[in-house]
Amino acid sequence: MQVGHVAVAGTIASFAPQISRAVGGPPIDAWSAEALTVVFLAHYLPNLDVIPIKLGWATDRFHCTYSHTLLFAAVVCLLLWPINVSWAALALVSLLIHFVADSGSSVGLPLLLPFSRRKFSLYLWADTGHSGWFSFEGTYRQAWTWITEGGMFVVLAIRGYQLGAWPFN
Amino acid sequence: MFAYRRTPFIAVIFAAVIGAVVIWLVEVPGRPMTLVQRALFFALSYLPGLGLAMLGDPAPRTLRAELLKIDFYAPGMHSRGSEIVKGGKA
């Protein structure tokens, strides 16, 4: 998933009050600056694994490995927990849903690393690399990317209507 | 991108169905949507509608099958990405 991550993160941020309430942390308003910042940072965090690749510190195969594991999500959550419980919960949800959103890609996610190298994928669309225009173009010439990502923008609009946010106010 | 010219037009039909179902499910009787809000839902529904229409088009299916054969993470493959995606072959 590429552009669709924006809609996914926006949808998660719309549930910030429910998530913060569920863990008994400080309340966070839906789509507040705090909710959007935490969710977008956490949701995009796994894809920052392209930085060491671009800097030449890691090979292309580093993409979608350690940053896309349950252990990574747990570590981020545990690091944030002492600072703000609500942030930790929002980050955990954002990371886990990032993995769900990427599960349609043929790249496969090694969710259980370092305990198992098994990769999980629904093979809905063929992965076309970690960056570059060709990766973007190749992704959006396949059907399921439009179904899943487009569907998420519809869900985001539904949340906009439910919360009475612009342009649904 | 498409093998059939009709694919983007079939997507309009899917979008109409998706948009109508979503509005029917989501709209609260006490808070009816304006015309612009309904139009926005129908416009956004075109995105998944296009995907559904593409399922019946052989071109995206063929491209996906070709791309699945390619390991974009093998050494040197990433730099060849552009020519691979344009040609649809390794």
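Modeller: We shall take helix packing, then the chain interface, then some backbone details. Please bear in mind that this is a predicted model.

Colleague: Which residues of α3(A) and α6(A) make the contact?

Modeller: From α3(A) come A:Glu34, A:Ala35, A:Val38, A:Val39, A:Ala42 and A:His43. From α6(A), the contact includes A:Trp87, A:Leu90, A:Ala91 and A:Leu95. Sorted by class, this contact of α3(A) with α6(A) has 9 nonpolar, 3 polar and 1 charged residues.

Colleague: How is α1(A) placed against α3(A), parallel or oblique?

Modeller: The angle again gives the reading. Helix α1(A), residues 4–14, and α3(A) cross at roughly 135°, with axes that come within 9 Å. That makes α1(A) oblique to α3(A), and their crossing is right-handed. On the α1(A) side, the residues that meet α3(A) include A:Val6, A:Val8, A:Ala9 and A:Ile12; among their partners in α3(A) are A:Leu36, A:Val39 and A:Phe40. The contact of α1(A) with α3(A) has 10 nonpolar, 3 polar and no charged residues.

Colleague: What is the angle between α1(A) and α8(A)?

Modeller: These two helices pack at about 30°, with their axes 8 Å apart. A:Gly4, A:Ala7 and A:Thr11 are among the contributors from α1(A), and α8(A) supplies residues including A:Met152, A:Phe153, A:Leu156 and A:Arg159. By class, the residues of this contact of α1(A) with α8(A) divide into 7 nonpolar, 4 polar and 2 charged.

Colleague: Turning to the interface, how many residues does the contact take from chain B and from chain A?

Modeller: An interface may be described by its residues and by its buried area. The contact takes 33 residues from chain B and 36 residues from chain A. Between them the chains bury about 3200 Å², with 69% of it on carbon and sulfur atoms.

Colleague: Which side chains meet in a salt bridge?

Modeller: The general idea is that side chains of opposite charge can pair when their charged atoms come close. In this model, A:Arg61 and B:Asp71 form such a pair, at 2.6 Å from N to O. The structure holds 4 salt bridges over all chains. The pair of A:Arg61 and B:Asp71 crosses between chains, from the loop between α4 and α5 of chain A to the loop between α3 and α4 of chain B. Across the interface of chain B and chain A, 1 salt bridge is found.

Colleague: Where is the peptide bond cis?

Modeller: The angle to inspect is omega. A cis bond joins A:Leu113 and A:Pro114, with omega about 0°, and A:Pro114 lies in the loop between α6 and α7 of chain A. The bond from A:Trp166 to A:Pro167 is also cis, with omega near 0°. A:Pro167 is found in the segment after α8 of chain A.

Colleague: What is phi of A:Cys64?

Modeller: Phi of A:Cys64 is near 60°, a positive value in a residue other than glycine. A:Cys64 is found in the loop between α4 and α5 of chain A.

Key:
Residues are numbered from 1 along each chain as its sequence is written. Chains are lettered from A and ligands numbered from 1 in the order in which they are written. This is a predicted model: local features need pLDDT of at least 70, side-chain atom pairs count only at pLDDT 80 or more; totals for chains, interfaces and linings use all residues. Side-chain values use heavy atoms; hydrogens and water are left out. Contact means heavy atoms within 4.5 Å. Helices (H or I, at least four residues) and strands (E, at least two) are DSSP runs, numbered from the N terminus. Ala, Val, Leu, Ile, Met, Phe, Trp, Tyr, Cys and Pro count as nonpolar, Asp, Glu, Lys and Arg as charged, and the others, Gly among them, as polar. Buried area is the accessible area (1.4 Å probe) that two parts lose on being put together, summed over both. Axes are lines fitted to C-alpha atoms, for helices over the stretch in contact, and angles run from 0 to 180 degrees between N-to-C directions. Angles under 35 degrees count as roughly parallel, over 145 as roughly antiparallel, 65 to 115 as roughly perpendicular and the rest as oblique. A crossing is left-handed if the near helix is turned anticlockwise from the far one by less than a right angle, and right-handed if clockwise.
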